[in-house]
Amino acid sequence: MSKPRVTLYDTTLRDGTQGTGISFSMLDKIRVAEKLDEFGVHYIEGGFPGSNPKDAEFFNEAKKRQWKNAKISAFGATRRGRMKVEDDPQVRILLEAETPAVTIVGKTWPLQVTEVLGVSLEENLAMISETVAYLKKHGREVLYDAEHFFDSFKDDPKYSLATVKAAHDAGADLVVLCDTNGGTLPEFVAKATRAVIETIGEGTVGIHTHNDSGLGVANALAAIAAGATQVQGTINGYGERVGNCDLITVAANLQLKLDTPVVNDLTKLRELSLFVDELANVPHNIRAPYVGSAAFTHKGGQHVHAVQKLASSYEHVDPVLIGNERNITISDMSGQSNVIVKAEKLGFQFSKGAPEVGKILSEVKRLEAEGYEFEAAEGSFELLVRRQLGVSRPLFELQEYHCSFRRSGSGESGWNKCEATVKLRVNGTPEYTVAEGDGPVNALDAALRKALRPFYPKIDEVQLDDYKVRIINGQQGTAARTRVLIDSTDGETSWGTVGVSDNIIEASWLALVDSFEFKLGREARG
Ligand SMILES: CC(=O)SCCNC(=O)CCNC(=O)[C@H](O)C(C)(C)COP(=O)(O)OP(=O)(O)OC[C@H]1O[C@@H](n2cnc3c(N)ncnc32)[C@H](O)[C@@H]1OP(=O)(O)O
Ligand SMILES: CC(=O)C(=O)O
């Protein structure tokens with residue numbers, strides 16, 4: 001696409017990695033940058049090469065690659081006080097990154113200049129203009145990040161404008177106003193942005209916000225409405241403290257709500273968000289605007305009823321536009337509409353008022369009142385539907401199971417032993433098996449598989465991915481009711497099952513049996 005009115009500047013690989021728990025290997029940084037480039041981000045801030053060898057190495061790798069859409073930028077600071085710009089090693093390293101663009105942060109707030117940097121206000125202006133001019137002389141596109149701009153504008157508008165004017169007059173291609181502490185409100189952001197544009201002209205200002213007041217995106221949009229032409233942010237809002245402006249949300253708002261196209265194909269937005277979470281090893285935020293898996297998930301019966309008739313009744317945009325999809329969940333807040341939609345996915349067609357729908361719905365509500373939760377246990381819900389419709393076939397007839405745990409001695413010389421026995425009949429054939437395991441549930445799992453394997457060899461495809469235990473009525477201490485949720489996979493599909501009991505072993509057994517019955521039942525039906 002031709003240059004849009006607003007460009008996207010991604011700083012996931014620099015400011016994002018200042019977020020607690022966020023770290024990428026050098027090769028993962030390259031993979032994230034490639035994904036951002038493919039998506040159509042206009043600038044990628046790859047890191048702070050003066051900070052650490054990994055970031056410096058990123059730029060060595062980045063210069064060997066062809067970037068289709070994005071300009072790579074190296075991040076650093078203005079020269080240090082009382083030093084010549086050409087003698088500052090951090091500035092030299094910025095040039096050695098050999099990027100087409102360079103972003104430097106400088107101080108704007110008198111408080112920071114005198115108290116933190118410990119230099120005079122005049123020396124700070126010289127640090128800004130000399131560093132910008134030096135980088136321009138070396139042929140770089142220079143983006144100047146005006147740190148704490150809004151706090152400074154509140155305290156001393158004259159000095160804050162003098163700093164951005166110093167950067168602009170020295171040749172900065174863009175002055176980026178930073179809400180570094182994330183405490184500013186949108187109205188003030190808009191007012192300050194307008195004041196800067198009046199001082200240095202149209203098309204010269206970008207915005208970089210943090211989310212400390214929960215307004216990172218709102219503040220960025222306020223600055224854009226006031227005339228800013230670049231928005232800086234991070235994928236999924238990673239960043240120092242509570243994070244940066246979420247570039248995912250901003251991109252969707254600009255393109256879908258503000259008639260400001262920023263990329264060619266917004267349908268890749270969710271994929272980008274998940275990809276970056278995956279590489280950062282961060283759990284996906286299901287409530288993320290636009291791209292979260294809950295963003296178009298309807299739980300309440302009245303909502304589900306309405307979206308079947310008119311999607312826009314409870315959806316602000318079509319999920320397909322950002323590569324997301326509509327989901328309907330089942331719970332005690334469901335109405336007939338939820339059951340009808342879910343049952344249809346299982347191949348059963350019902351109309352409103354059908355007795356089968358009422359039966360399924362009542363059973364869901366009865367079990368949820370006992371502590372079950374079907375939202376994340378679609379496998380158990382499918383079995384519930386089949387059982388209520390009388391079309392399920394149990395895998396076996398249980399006679400008894402037993403498990404034991406024995407601890408002998410203490411410390412390292414002691415030992416633990418977990419053993420389980422399972423006695424059941426499969427198609428009339430008795431089976432009696434015993435197995436050991438790391439814990440009682442693991443031992444039961446092994447004994448049950450041993451008993452069922454001769455009849456259902458596909459059982460070995462089932463792997464348990466996750467096992468979660470939730471105490472439902474904790475006030476009853478060790479006599480509390482327990483809910484166990486198991487996530488299983490066969491490598492191709494994944495499913496969740498649930499079991500509830502006063503006994504943690506029995507709750508686990510129920511969830512385990514549902515997991516096997518779900519998989520093997522589907523296999524048998526073909
Ligand atoms: C708002 C932002 O997000 S800006 C980016 C912040 N990111 C980071 O700090 C992550 C990367 N940082 C680092 O790896 C290190 O802090 C380094 C390599 C930059 C500096 O390390 P050190 O030299 O050991 O200094 P230290 O981190 O203790 O202190 C920061 C130094 O930078 C100076 N500094 C801070 N801002 C600026 C600026 N805008 N211009 C010039 N110097 C600056 C400080 O005065 C201080 O130097 P001093 O001790 O000589 O006064
Ligand atoms: C530059 C930057 O990251 C900030 O001021 O927040």
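Student: How many strands form the closed barrel, and in what order do they run?
Tutor: Eight, in the order β1-β2-β3-β4-β5-β6-β7-β8, with parallel pairing. Neighbouring strands are turned by 25 degrees against each other on average, direction ignored. This is a predicted model: local features need pLDDT of at least 70, side-chain atom pairs count only at pLDDT 80 or more, and totals for chains, interfaces and linings use all residues. Residues are numbered from 1 along each chain as its sequence is written, while chains are lettered from A and ligands numbered from 1 in the order in which they are written.

Student: What makes β1 and β2 a pair?
Tutor: Pairing requires at least two bridges found by DSSP. Two bridges join β1 (residues 7–10) to β2 (residues 43–47), so they pair. Asp 10 stands opposite Ile 44 in β2.

Student: Why is the stretch 89–96 called helix α3?
Tutor: A helix is a DSSP run of H or I, at least four residues; a strand is a run of E, at least two; both are numbered from the N terminus.

Student: What surrounds ligand 2?
Tutor: Asp 15, Val 105, Asp 145, Glu 147, Cys 178, Thr 180, His 208 and His 210. Each has its C-beta atom, placed from the backbone, within 6 Å of the ligand.

Key:
Axes are lines fitted to C-alpha atoms, for helices over the stretch in contact, and angles run from 0 to 180 degrees between N-to-C directions.
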